[in-house]
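Please read them with the coordinates open.

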Amino acid sequence: MKDAIRDQVAIVGMGCCKFGENWDQSPEDMIVEAAYEAYEDAGIDNPQERIEAVFCGSVYPSKGTAEVADALKLFGRPVSMVQNYCATGTDAFRYGVFAVACGMYDTVLVVGFDKPKDRGVSGPNVQTAGVRGLPMTPAGWFSLCAARYFDTYGAGREDLARIAVKNHHNGTLAPKSMLKREITVEDVLKAPIISWPFGLYDCCAQSDGAAVAVLTRRELAKGFRDDYVLVRAVAIALAPNPQSDPTFDFLRWKPTVYAAKQTYEQAGIGNPFKEIDIAQVHDCFTLTELLTYEDLGFCEKGSAKEHIASGTFALAGELPVNTDGGLKTFGHPTGATGVRMLYENYKQLQGKAGPRQVKNATVALSHNIGGAPQTCGMTIVAMP
Amino acid sequence: MVSETVGIRSYGAYVPMLRLPLAAIAGGRRGGAGGGERAVANFDEDSVTMAVAAATDCLRGIDRSSLGGVLFASTSYPYKEKQAASVVAKALDLPRDIVTADFSGSLRAGTTAFRSALDAVKAGSARNVLVVASDCRMGAPRSALERNFGDGAAAFLVSDADAAVTVSQHHSVADEIIDVWRLETDAFVRSWEDRFVVEHGYQRNLVDAVHGVLRKAGLTPKDFAKAVFYGPDARSHAAVARALGLDAKTQIEDPMFGRLGNCGAAFAPMLLIAALEKARGGQRLLWASYGDGADTFVLQVTEQVERLRDRRGMSWHLARRAELGDYDKYLSFRNLQPSEFDRRAGAGVSATVHYRDRDEDISFRGHRCRRCGTMQFPFQRVCFSCHAKDDFDQVRLSDREGKVLSFTFDFFAGSPDPPLIVTMIEAEGGARTYLQMTDASPKELKLELPVEFTFRKIHEYGGTPNYFWKCTPVR
């Protein structure tokens, strides 16, 4: 049953710590900050009695599940951790949704967090156990569609730059974002190249962060709050590594295409551009966001640059994307990012997004893509 | 006596693309250094990778399964203990049931390995033996030796049939002399005073050995179309030519000082290939090499030499050049410059992973699905296309050409020569690989660019040369 979980589970509380280079915070500090905001939001003042299970997502945990259990003093119940590249937070959320939907638990916690800035390096670790598949730099991996896409559809670095400019603008309006600075297309084009065609501003930063959701069964949601948000769909899809996929065309990312199909089937969505009001998509690099517009069916393949130019995906556009500034301004603590996107969608649907509030948004999508990339996680949440 | 049919069936050479101007070594002071340049290995090359390249040139069109041995000669192989010939054989995807041996320690190692191959084939212990000499020696920074040296490799297939060159006589002498040396703990070659080394080492041994081979063969210097012999420098080389009574204008194969440099154990073999590129059937050549004594050979060129005109050899490689004008970059290529990011740091590769993956990573084989024909790299258990399980043939990719499907220029991945050019390549037949491109400039990159594969050091983590394949534009 493709719609088995549609609208069965409600988000009744969410929290998110300030993302950034949180030098003076431990992972536990960030987890406590986000979880207690979520408890307060859900009206839970006795979490040790109310939370029946915990689903965590983290790519760089220092201890694992104990990090979360110890921080929140949630013992004597299941605490599990998943890893699914950049879709880790979304996958933790997915396990939480399924655990509630099947009736096993009434109330569960989803905790996404990561603390990459404790590693003393400015980028991902380079692994050198082998000789194949090097260099392992995400900017290099995610740029592999650029040459072919530009050649086929005539897009260029300026089109990518406008995405960075948009997200930087949105980020100035989000209290919990890391970067709060307007930039210009010229700034983006002049910045040092990281991995062509990505300059510094085409890349999201690494940052520390944690975000938490409280989930319950739809029938119990009213007991927490009136403006709860329903989970309409949640999906994960894997695709072949584009570095060995024999049929890859370098014009799209297959994980997104696969996950979108599942997500729209679950949610019963036929025309995503019309039926989705806002979207938080994985802008690890500007090109990732551009391809995502098309891979999610928001616009025709090859037409993204026209929509970028006309502002379709700007805050005031027809389908605002990355309303909080995205990974571009929050950075990307891998396990936290998917849950942070849900936090933004939850706040937007409740009308609590302050100066970046999108009017009359009732259906919101979130999207993560990760690995080389090989995995995509997506959710659709909606007002009842 | 020497067999009439045993000899050189094929040859191949390799000279790295980069040339270091001698003036750059002298710090821009043209006076001391003069003009000229030397061949210098890229940061991802060493004597093993250059040997593989020369051997690949040599084995063009030859059934690799017919080889019975690989003899590797070098004074500059990275390992003190662990064989190089076996790495070369694996990178060439040769059968396992072959003899492999390293010849080292002497500048004469290349010709000595050649003579051993000759003996083995003559004795019937193997029908085809690959001899590959390769050197990448280091002189101390800004020293005369650094200016003098060059990097390169040469390969010969010694066979019992189809000889392009037969060996009608050979003669060797051994000598104990402290002229040039390098201890286990030395990074750089050391040398005794020039005039002593040249007069009592090089000249005396080479002349003695040539006289020996002429006596055995009943020939005089006038009987040779060309004399091809090692020399530590242009002046000493010319002095030997004079001492032997050879005609400097017509009989001497140009030792290419100021273009190539003294390529150590590979030098005399490389010069012989340069001579064979111009040689015609029926010509007689004198070939000699020096190092702790000397090896000499009387060679007879056959009509079969015409069969080898498609070899890249020396002339193709010498014509393919790019200047490395930045001496600091050269120092960092050779790990002679302290760096924030030590390329040799870290735990290095997992020997067990290397062991499991060597057919893919060293022999560069991919899989072809027996059911649907889909080519894939690395090896799969389940086919990407038709999902057949464990139904694949292994296919060598290294000798195929490929084309660029996509690329990026990565300034973030550490490289001594940024940016790192990273490509997605589809080999002829379909296997796709994510490879670094080497010996290329970002300006050359475009979709569908034809490439070939080249065996290189992918990194040096753990202090070991960790080899894999890269691509380079077809030129």
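**Notes on the two-chain model**

1. Arg356(A) sits in the loop between helix H15 (334-349) and strand E10 of chain A; helices (H or I, at least four residues) and strands (E, at least two) are DSSP runs, numbered from the N terminus. Its relative accessibility is 7%, so Arg356(A) counts as buried (buried means under 20% relative accessible area, exposed over 50%, partly exposed in between, with a 1.4 Å probe and protein chains only). The side chain of Arg356(A) makes a polar contact of 2.7 Å with that of Glu344(A), and a polar atom of the Arg356(A) side chain lies 3.1 Å from the backbone oxygen of Ala353(A). A polar contact is a pair of N or O atoms within 3.5 Å; within protein, one must be able to donate a hydrogen and the other to accept it, and residues adjacent in sequence count only if both atoms are side-chain atoms. Leaving aside residues up to four places away in sequence, Arg356(A) touches residues including Leu173(A), Pro175(A), Leu315(A), Asp324(A) and Gln348(A), where contact means heavy atoms within 4.5 Å.

2. On conventions: this is a predicted model, in which local features need pLDDT of at least 70 and side-chain atom pairs count only at pLDDT 80 or more, while totals for chains, interfaces and linings use all residues. Residues are numbered from 1 along each chain as its sequence is written, chains are lettered from A and ligands numbered from 1 in the order in which they are written, and side-chain values use heavy atoms, with hydrogens and water left out.

3. Backbone geometry deserves a check. Most residues other than glycine have a negative phi, and most peptide bonds are trans. A cis peptide bond joins Ala372(A) to Pro373(A), with omega about 0 degrees; Pro373(A) is in the loop between strand E10 (363-370) and strand E11 (375-382) of chain A. In chain B, the bond from Phe377(B) to Pro378(B) is cis, with omega near -5 degrees, and Pro378(B) is in the loop between strand E16 (375-376) and strand E17 (392-396).

4. Phe250(A) is not a glycine, yet its phi is positive, about 60 degrees. Phe250(A) lies in the loop between strand E8 (229-238) and helix H10 (254-267) of chain A and is buried at 2% relative accessibility. His387(B) also has a positive phi, near 65 degrees. This histidine, His387(B), is in the loop between E16 and E17 of chain B, and at 56% relative accessibility it is exposed.

5. Which cysteine sulfur is nearest to that of Cys16(A)? The count of disulfides over all chains is zero, a disulfide being a pair of cysteine sulfur atoms within 2.5 Å. For Cys16(A), the nearest cysteine sulfur is that of Cys17(A), 5.8 Å away. For Cys136(B), the nearest is that of Cys263(B), at 9.6 Å. Cys16(A) is buried at 1% relative accessible area, and Cys136(B) is buried at 13%.

6. The structure holds 65 salt bridges over all chains, each a side-chain nitrogen of Lys or Arg within 4 Å of a carboxyl oxygen of Asp or Glu. One of them joins Arg232(A) and Asp7(A) (3.1 Å, N to O). That pair links strand E8 with the segment before strand E1 (9-16) of chain A, 225 residues apart, and both Arg232(A) and Asp7(A) are buried. In chain B, Asp93(B) and Arg365(B) form a salt bridge at 2.8 Å, N to O. Asp93(B) lies in the loop between helix H4 (85-91) and strand E5 (99-104), Arg365(B) in strand E15 (residues 365-369), 272 residues apart; both residues are buried. Arg432(B) pairs with Glu426(B) in a salt bridge of 2.9 Å, N to O, and Arg432(B) is buried at 9% relative accessibility.

7. The interface takes 37 residues from chain B and 33 residues from chain A. The area buried between the chains is about 3,000 Å², with 62% given by carbon and sulfur atoms; buried area is the accessible area (1.4 Å probe) that two parts lose on being put together, summed over both. In chain B, Phe412(B), Arg432(B) and Tyr434(B) lose the most area to chain A, together 25% of what that side buries. Between the chains there are four salt bridges, among them Arg132(A) with Glu360(B), whose closest N and O atoms are 3.3 Å apart.
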